[in-house]
Amino acid sequence: MNFEMTDDRRMLADSLSKLLGDRYGIEHRTSVAYDPPFHDIEGWKSLAELGILYAFVSEDSGGMGGGGFDLLAVFEQLGAALCPEPLLGAAMAAPLLAEAGEELEPLLSGEAIYALAVDEPEAPWDAEGGATEGGDTLTGRKTAVYGGNAATHFLVSARREGKLALYEVKAEDAAVTPWGMIDGGGAAELMLDGTAARCLLPDAGPAIERALDGGRLALCAEAVGAMDWCYATTLNYLKSRKQFGREIGKFQALQHRMVEMKTAIEQARSITIAAADRMDWRSVAMAKSLVGRVARKVSEESIQLHGGIGMTWEYPLSHYAKRLVMLDAQLGDADFHTARVTATYA
Amino acid sequence: MDLSYSPQEQAFQAEVRQFLADELPEDIAARVKAGGEVSKEDTERWHAILQSRGWLAQTWPEEHGGPGWGPVERHIFDEEAARAYAPRILPFGLQMLGPVLIKFGSDAQKAHYLPRILDGTDWWCQGYSEPGAGSDLASLKTKAVRDGDEYVVNGQKTWTTLGQHADWIFCLVRTDGSGKPQEGISFLLIDMKTPGIEVRPIRLIEGGHEVNEVFFTDVRVPAENLVWKENDGWTVAKYLLTHERTGIAGVGFSIAAFERVKALASRTVRGGKRLIDDPLFAARLAEVEMDLEAMKIFNLRMLAEAQRVGHPGVETSMLKIRGTEVRQALNDLYRRALGPAAAVMPGGAPSGNAAVLVPEDEGAAASYFNNRKISIFGGSNEIQKNILTKAMLEL
């Protein structure tokens with residue numbers, strides 16, 4: 001039993017943390033995250049130069065990672081810095097390209113930016129339920145494609161000969177409508193109408209589910225990083241803000257809420273570690289559900305414990321708080337994953 | 001990271017499982033599973049079985065008769081024992097007084113009392129709480145006045161668990177009232193057969209007799225029964241509380257309870273379908289399962305840390321809070337899954353409760369009510385939050 005990160009992952013996390021500190025100070029982050037193109041292409045390049053993307057696949061596929069704990073090491077740091085770069089898409093696309101035997105170097109080097117397009121307006125979080133039709137071309141619509149604002153390539157799920165297939169679409173071949181998100185960073189709507197596409201995997205259902213599970217774990221880790229930041233910031237605030245002649249942290253009503261917040265965060269961290277260790281769908285679903293609930297609690301409590309200042313655009317906490325609420329809606333929210341867990345009781 | 005037990009730990013786990021399968025009496029396990037009170041005889045039988053294996057005094061060093069286990073071995077035993085429905089090891093002599101004597105007792109005290117705890121000669125109870133000193137333990141008033149070679153004790157203790165069976169009681173008493181409340185407290189060992197001691201039962205919410213009031217009227221205690229220094233008993237009491245904090249999450253109990261709720265909901269029909277297929281019930285159960293899964297890993301993280309630094313950290317208070325919440329939630333789900341028949345009082349049907357519920361379900365409501373205690377005793381969850389506020393948040 002050992003809960004320390006390996007030296008390699010520790011070094012990766014440390015150098016990533018340093019780079020994010022240098023390049024994504026909160027003012028810079030806010031200035032790039034809310035205006036087109038909703039990220040910083042120079043920052044993306046420096047992340048790629050650091051080799052972060054190589055953490056998303058194993059050595060067999062030309063990477064240096066590919067495990068649950070690699071995702072944990074990277075996304076916890078991204079969450080702590082509230083990084084708006086489209087790394088989630090790369091983390092999900094990389095194993096899919098590897099499975100299809102595709103050339104990975106463009107993705108791993110950061111030259112190509114990939115986004116995974118699964119959600120549809122009528123069927124969010126449900127790859128099997130999508131209506132997009134595939135043949136030699138693709139027709140349909142994909143919604144809320146994270147990182148679609150920046151993507152050069154899309155991996156798209158579609159029905160083909162009764163099976164769920166995976167296609168690659170070049171951004172220049174599709175009608176892409178980028179949009180900015182309330183918590184920063186961007187997404188896109190993808191309109192497909194006889195759009196040129198290349199089928200990578202004709203029977204991709206299980207591979208797509210595995211990729212989505214990797215993404216779900218990444219979101220859990222991102223939440224843990226952001227929650228740690230909110231906890232530390234709120235605690236500092238309780239120690240410095242004075243009302244009624246003393247620090248507000250002297251009031252027991254607030255102290256107990258802080259302890260509850262910390263306990264919930266440690267539970268979230270623990271179940272994320274369990275999911276990273278096992279990487280089976282049920283463990284990931286349990287983690288995503290619990291983390292989704294805790295993240296919203298931490299968000300709402302951090303704002304409340306701050307009072308009015310926590311509501312302001314200028315105060316960094318507000319942006320973390322938004323991220324923590326909205327990431328629950330990515331790749332299946334708490335209720336969605338709870339329902340998946342209960343299905344196994346039957 | 002590596003979340004699995006080492007090969008040695010896995011072998012130990014298998015050894016514990018085998019031991020429980022071979023040695024835990026079936027009749028005792030059945031009574032524990034039914035959630036009723038565990039009798040003195042059952043506890044003593046189980047203690048003797050553990051002692052014959054050398055596994056009774058789990059927190060004691062080997063030189064005093066302990067098994068030489070670390071925190072991980074203790075956790076493995078706790079988890080396996082709970083899942084097998086073994087009775088809990090009575091903590092007062094073995095987990096509380098024993099470590100205190102080993103740390104603070106005189107050589108004569110160790111030589112006299114420790115073997116008698118191990119072989120079951122003495123049944124100990126704890127004299128801490130008083131009517132006016134619960135969470136605020138340091139405000140205790142039971143007085144001990146030195147008179148020659150004796151202390152004369154007057155006052156009252158309460159919530160004395162299983163004091164009706166006890167041969168001895170270890171007490172916090174006030175030997176000096178002039179300074180701060182924490183100063184002037186002493187740790188005294190008192191023979192329950194001494195004249196002037198009266199034990200009165202307190203009947204608890206579910207009807208059981210588990211706790212007592214103990215009254216002291218001019219009780220004369222030999223001065224040699226003082227542990228550690230006069231007026232420095234608070235140091236002893238604090239040390240004991242850190243020992244109380246290990247195994248605090250009750251993960252094993254909750255794993256067993258979760259499996260029972262799931263099994264019950266799978267054979268119970270509600271509105272034409274199995275209760276487990278009811279989305280509302282299943283969602284409640286799933287949320288508890290997730291909390292429990294997280295707590296298992298949280299507990300292992302704390303164990304790894306305790307192993308590394310040599311003692312449990314203050315963070316384990318978070319496990320006490322969440323652990324008791326999870327156990328209470330499972331008690332609640334079990335009781336609710338039984339529906340109206342859960343209302344039967346243990347032994348409440350003159351013709352026998354088998355007419356109402358199978359024996360293993362009979363104690364469901366009683367356990368639910370009785371286990372409201374777990375977020376109150378051992379430092380209430382609110383006290384745990386105060387401890388965490390000071391030590392972890394530094395507020």
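Visitor: How many residues does the contact take from chain B, and how many from chain A?

Guide: Good place to start! This is a predicted model. In general, the size of an interface is often given as the accessible area lost when the parts come together. Here we can count residues instead: 33 come from chain B and 32 from chain A.

Visitor: Which helix gives the largest share of the side of chain B that touches chain A?

Guide: That is H9(B), with 15 residues. Helix H9 (279-309), helix H10 (316-338) and helix H12 (381-393) of chain B each supply at least two residues of that side. Sorted by class, the side of chain B that touches chain A holds 21 nonpolar, three polar and nine charged residues.

Visitor: Now for the domains. What are the domains of chain A?

Guide: The assignment gives domain 1 (7-87 + 103-109), domain 2 (114-205) and domain 3 (207-343). The C-alpha centres of domain 1 and domain 2 of chain A are 23 Å apart. Their contact takes ten residues from domain 1 of chain A and twelve from domain 2 of chain A. On the domain 1 side, nine of these residues are nonpolar, one is polar and none is charged.

Visitor: Is helix H10 (residues 317-326) of chain A mostly covered or mostly uncovered?

Guide: Mostly covered: seven of the ten residues of H10(A) are buried. Among them are Leu317(A), Tyr320(A) and Leu324(A).

Visitor: Which helices do the buried residues of H10(A) pack against?

Guide: Look for helix H2 (26-33), helix H7 (205-240) and helix H9 (281-306) of chain A.

Technical notes
Residues are numbered from 1 along each chain as its sequence is written. Chains are lettered from A and ligands numbered from 1 in the order in which they are written. This is a predicted model: local features need pLDDT of at least 70, side-chain atom pairs count only at pLDDT 80 or more; totals for chains, interfaces and linings use all residues. A residue is buried if 20 or more other C-beta atoms lie within 10 Å of its own, exposed if 12 or fewer, and partly exposed in between; C-beta atoms are placed from the backbone. Helices (H or I, at least four residues) and strands (E, at least two) are DSSP runs, numbered from the N terminus. Two residues are in contact if their C-beta atoms, placed from the backbone, lie within 7 Å. Ala, Val, Leu, Ile, Met, Phe, Trp, Tyr, Cys and Pro count as nonpolar, Asp, Glu, Lys and Arg as charged, and the others, Gly among them, as polar. Domain bounds come from an automatic or database domain assignment.
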